[in-house]
Amino acid sequence: MTHVTALLNHKGGVGKTTLTINLGAALAHIGKRVLLVDLDPQGHLTEGVGLQHLYLEESRNLYTLLTDTKAGKVEGLVQRHPREPFFVIPAHYQLVLAEQSLYMARNREHKLKALMSQLDGKYDWILIDCPPALGNLTDNALNAARQVVIPIQAEATSVRALELLFDQIESVERGLNIHVRVLAVVPNLVQDSAMAKRILSDLRQSIDTVTPFELRKRVMLQAAWSKGCSIFGFEPTSHAEERTRQEIIDLYLQLADLVVERVQGENHA
């Protein structure tokens, strides 16, 4: 069974793409077959895994398949990453047209679900990196996935944005008569401050899916992204860097174990 999961937050700057890449790498590290789907028209995940040349390539792409049912099979878009143990469906610059094109389409919220259903059983996990906006692409991701991981910063503005996101999820659930499960709310890019600690404490008291650990802001994650690799594939240049890298890896492995456990718990309930 393939577990399709959307990683989303309409608030930008919460580290959503970095989280997608490194959670995918962590799941692959524990033996899962993983596919990353870049649904963001900006193509940040595609760039972050070093496949930015595909973003501008004139070829059949995710946009053409979302808007033309006769454009072919989605498996043809899958790229085996040359250095990482996961697969990728890259974004394409034409995705900027998707919001308007889908708005005019019949059954517009079901386009991505139909594509992902073609891949059922071929991967253990499909992680969809959503755009930092609420719209037709995000609605498609919610419908295709039915389960989400939400990164959030320990800031007041992020908490307010989370409330709006929950409202949007509920709206999609009502409109499509589906249930979307929140697998995890992940405090991300957390900085050490009294305000951050207070916000994290309040979040954990009010939302039971907030992870018991947080991912701190680390320069090394940005360095890995700029080299087109996950933290698992990043090559440190000193013993101190290796210790930092291992600390980050351990946290992402905790997150991978947590989402796997929560999915298995749901299936056995």
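The model is predicted, so local features need pLDDT of at least 70 and side-chain atom pairs count only at pLDDT 80 or more, while totals for chains, interfaces and linings use all residues. Residues are numbered from 1 along each chain as its sequence is written, and side-chain values use heavy atoms, with hydrogens and water left out. Helices (H or I, at least four residues) and strands (E, at least two) are DSSP runs numbered from the N terminus.

- Seven strands form an open sheet of mixed pairing, in the order 3-4-2-5-1-6-7, where two strands pair if DSSP finds at least two bridges between them.
- Strand 3 (79-80) and strand 7 stand at the edges with a single partner strand each, so one side of each is left without a neighbour in the sheet.
- Strands of a sheet pair through backbone hydrogen bonds, either parallel or antiparallel.

- Strand 1 (residues 3-7) pairs with strand 6 in the parallel sense over two bridges, and Leu7 stands opposite Val149 in strand 6.
- Strand 6 also pairs with strand 7 in the parallel sense, over six bridges; in strand 7, Val185 is the bridge partner of Ile150 and Pro187 is the bridge partner of Ile152.
- Strand 6, helix 7 and strand 7 make a right-handed β-α-β unit, a crossover being right-handed if, with the strands pointing away from the viewer, the path from the first strand over the helix to the second runs clockwise.

**Helix 8**

- Helix 8 (residues 194-206) has 13 residues and reaches 19 Å from its first C-alpha to its last, close to the 18 Å expected at 1.5 Å a residue, the expected span being 1.5 Å times one less than the number of residues.
- The buried residues of helix 8 are Ala196, Ile199, Leu200 and Leu203.
- They cover an arc of only 100° around the axis, which puts them on the same side of helix 8; the arc is that of the directions from the helix axis to the C-beta atoms.
- On the other side of helix 8, Ala194, Lys197 and Gln205 are exposed.
- What covers the buried residues of helix 8 includes strand 6 (147-152), helix 7 (156-176) and strand 7 (181-187), with contact meaning heavy atoms within 4.5 Å.

**Loop residues with positive phi**

- Arg146, in the loop between helix 6 (136-145) and strand 6, has a positive phi of about 65° although it is not a glycine, and Arg146 is partly exposed at a relative accessible area of 29%.
- Leu189, in the loop between strand 7 and helix 8, has a positive phi near 55° and is likewise a residue other than glycine; Leu189 is partly exposed, with a relative accessible area of 24%.

**Cysteines**

- The count of disulfides comes to zero, a disulfide being a pair of cysteine sulfur atoms within 2.5 Å.
- Cys130 is buried, with a relative accessible area of 0%, and Cys229 is buried with a relative accessible area of 10%.

Key:
Buried < 20%, exposed > 50% of the residue type's maximum accessible area, 1.4 Å probe, protein only.
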